[in-house]
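Hello,

Here is the structure I promised to pass on to you. Please open it first, and then read my notes below.

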Amino acid sequence: MSPAPAARLPGQERPPMPRTFFSTRAGTWTGFAAAAVVLFGLAPLLLTGFRLGLLAQFLCYAIVAVGIGLAWGRGGMLTLGQGVFFGMGAYLMAMHLKMADAEFRNGPGAVPDFMELAGIRELPAYWAPFASPAFTIAMILVLPTAFAILLGLAVFKRRVKGAYFAILSQALAGAFAILLIGQQSLGGFNGLSRFRYFFGFTLADPVNQQMLYFIAAGVLLAVVAIALQLRRSRYGELLVAVRDAEERVRFLGYDAANVKVVAYAVAALFASVAGAVFVPIVGIISPASIGIVPSIMFILGVAIGGRASLVGPVVGALAVAWAQTALSEQFPSAWTYAQGLLFIAVIALLPGGIASVAGVAKRFQTKRTTVEAAA
Amino acid sequence: MPLRSKPKARDLARALAATAALAGLVATTACGSRAGEETAATESCVDTSGDTVKVGSLNSLSGTMAISETTVRDAIALAVAEVNAAGGVQGKQIEIVAEDGASEPTVFAEKAEKLIREDCVAAVFGGWTSASRKAMLPVFEDNDSLLYYPVQYEGLEASENIFYTGATTNQQIIPALDYLVETGVESLYLVGSDYVFPRTANAIINAYAEAHGIEVLGEDYVTLGSTEFSTIVNQVKAADADAVFNTLNGDSNVAFFREYANVGLTAEDMPVMSVSIAEEEVGGIGVENIEGQLAAWNYYQTVDSPANTAFVEAFKAEYGADRVTSDPMEAAYNSVHLWAATVEKAGSFAVEDVQAAADGVSFDSPEGTVVIDGDNHHVTKTARIGRIDADGLLYTVWESDGPIEPDPFLEGYDWAADLSVTE
């Protein structure tokens, strides 16, 4: 295959990326430095312990959003079921935390407290390896990614796309939640909660809670860096090409399915890591946090922020989560209406998401100057 | 796949290394206590210097549980207004900070933490599902604050930081079984939603049945919110048990009882004993589908006592004559009064003082006198079996001889030895 720029397909309406400061190399580093200063410096200084914990939770949603931005914004795959991968990472981490908790209180091989409640006296065999931190982390990284690759191959090789893919991924999230509700050895409907230690550290200690926030912030920066690299690589161009004209990419000799599988698997990996970080921060994971509704909330943040841009999904996820908390604190009985109005306003006025504010403002200005010039 | 690594990969490596170094640096300087070490206790920020004291009211005001939990919010507000009208607690007026749990356990945990750490409330009232309580429990323990939980539940729990003012299993399920045995029931069919309360309840029922020679002919679970019952109801009909024990929750009850009436089963041939259907739910199911069926609770709107007459009158005056009062509402109403009485007895709002003073604190509640057990933080409750009448209200057909002592771990029942797990 000649290294011809595959993304620049004739007749394809794709405005060239505006060459701004932040798309230069120095600009990128400046952007990262600024984000690091805000996340690692300003936020811990300005926020109370409780608010910082909330921000840590929102950062986990933002990590999921970066993956969705890649799969949906760049790859055109409307992944309505990221809750599945988020849930996998979260449950795998939660299993380790429960094992560590039981071991600390009752010695190695002890049965976690919720199982005793469910009448399970013997530790199920599949739980035992999760006593090991290394095994748990490996599983968090490998299991959801492998599942996404297998699922992606099965789906994309058969050229399932568009609404069919969206419905399929959403059904998967619903099925996964129902499956978990039936698993008494995974806490059933209540899920897993009451974690006391995180790799040997006491979770109740505010200093350790701050440490968890730093971990979430670090993971977010890393994930954004990986996404940026993927976007700017030739693979990123190819992914956009597949999104915009899959048939043509195929005619050029590429396997479009493989291109999609990579983005889908990366998004799954991000979601899984986010879930794993989420669990010690929030202190509970249950089927209610991973089913259809939470999966749609993930997508909503990305749509509000602007799915095709790099920071749009991050900003959108943080904005949606923050708005939800702020509105519900302000109007406990009526906040859902306010939130609905907000969504309608953004989608009606800013179809490209918050990230398109600059563009919309510019267009508005140009239009006005044209009108003035004509007058 | 022509995916080659690109020159910019070095930049990524640098960015990741920088991030890792930064996170590592900050994390190592910010490590707190490790497992086994003494944790720096979180200082309570409750401010009792002014004329008012804040309490939290945390209920689902949106989502699937809103229909039930908003009634609890109203009952809490009524009790607070009564305490305030009588001069407040320790001379201070109570101020409610309301939050929405949104029917989601994670939101309950988040809002509980907000109430404790940002609003500095002296106590929180609310929660309904066991999932929401399980999510809040670590928050109240870690921040050493108090939750008053007003709903009957599956037992097997006793946190220092929670007061359980609804029934535990020996105050609701076991009396219901005793009643069924008394009326000559020899076989049961169990139907429930698939979550912890029905599963635990049915484990208890199975153990009870074995010890009392009752045959359990079937045990079926449906997903919470499921409305497809034709198969299950036909199985129930075919099994021809003497009674059905129903632990379904929410909307599923509507579908179940409609189907039940549809296949021609009636309260006379095969009575259904329900533990989650109160005055509020009867309207939704339709009285015609459920008339004559049984329920097990500790309180009905029709309970005949001066305290209840006053409660019902005050509630209807405040929220409208068409509103009904139910068991969880009454328990929530009691919990505010119990908290106020405990604070008065302790002479302090501090959590450890309230915990120390709690034992023996009593309140002449609409259901009868309730007394806090200082050991397990539950309250004594009178068990009542009610029959649903044509007017949609429940009328007591049987009640226990006085209040029953709470026994959340069923330590007083030999047949339950395999069930109870002490913390």
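In helix 5 of chain B, the buried residues are Ile173(B), Ile174(B), Pro175(B), Ala176(B), Leu177(B), Tyr179(B) and Leu180(B). Buried here is a matter of counting C-beta atoms placed from the backbone: a residue is buried if 20 or more others lie within 10 Å of its own, exposed if 12 or fewer, and partly exposed in between. Helices (H or I, at least four residues) and strands (E, at least two) are DSSP runs, numbered from the N terminus.

Before going on, please note that this is a predicted model, where local features need pLDDT of at least 70 and side-chain atom pairs count only at pLDDT 80 or more, while totals for chains, interfaces and linings use all residues. Residues are numbered from 1 along each chain as its sequence is written, and chains are lettered from A and ligands numbered from 1 in the order in which they are written.

Back to helix 5 of chain B, which spans residues 173-182: seven of its ten residues are buried, so the rest of the structure largely encloses it. Its buried residues are covered by, among others, helix 6 (196-212), strand 8 (243-247) and strand 14 (394-399) of chain B. Just after this helix, Gly184(B) adopts a positive phi of about 90 degrees.

Chain B as a whole has 13 helices and 14 strands. Of its 423 residues, 51% count as buried. A compact globule with 423 residues would have a radius of gyration near 22 Å, and the 24 Å of chain B agrees with that (taken over C-alpha atoms; the globule rule is 2.2 Å times the number of residues to the power 0.38).

Now to the two chains together. Their contact takes 59 residues from chain A and 57 residues from chain B; two residues are in contact if their C-beta atoms, placed from the backbone, lie within 7 Å. On the chain A side, helix 7 (residues 206-232) gives the largest share, 14 residues.

Finally, the largest nonpolar core has 247 residues, and those with the most contacts inside it are Ile63(A), Ala216(A) and Phe270(A). Such a core is a set of buried Ala, Val, Leu, Ile, Met, Phe, Trp, Tyr and Cys residues joined through C-beta atoms within 7 Å. Helix 9 (residues 256-282) of chain A supplies the largest share of this core, 22 residues. Leaving aside residues up to four places away in sequence, Ile63(A) touches Val219(A), Leu220(A), Val223(A), Phe270(A), Val273(A) and Ala274(A).

Best wishes
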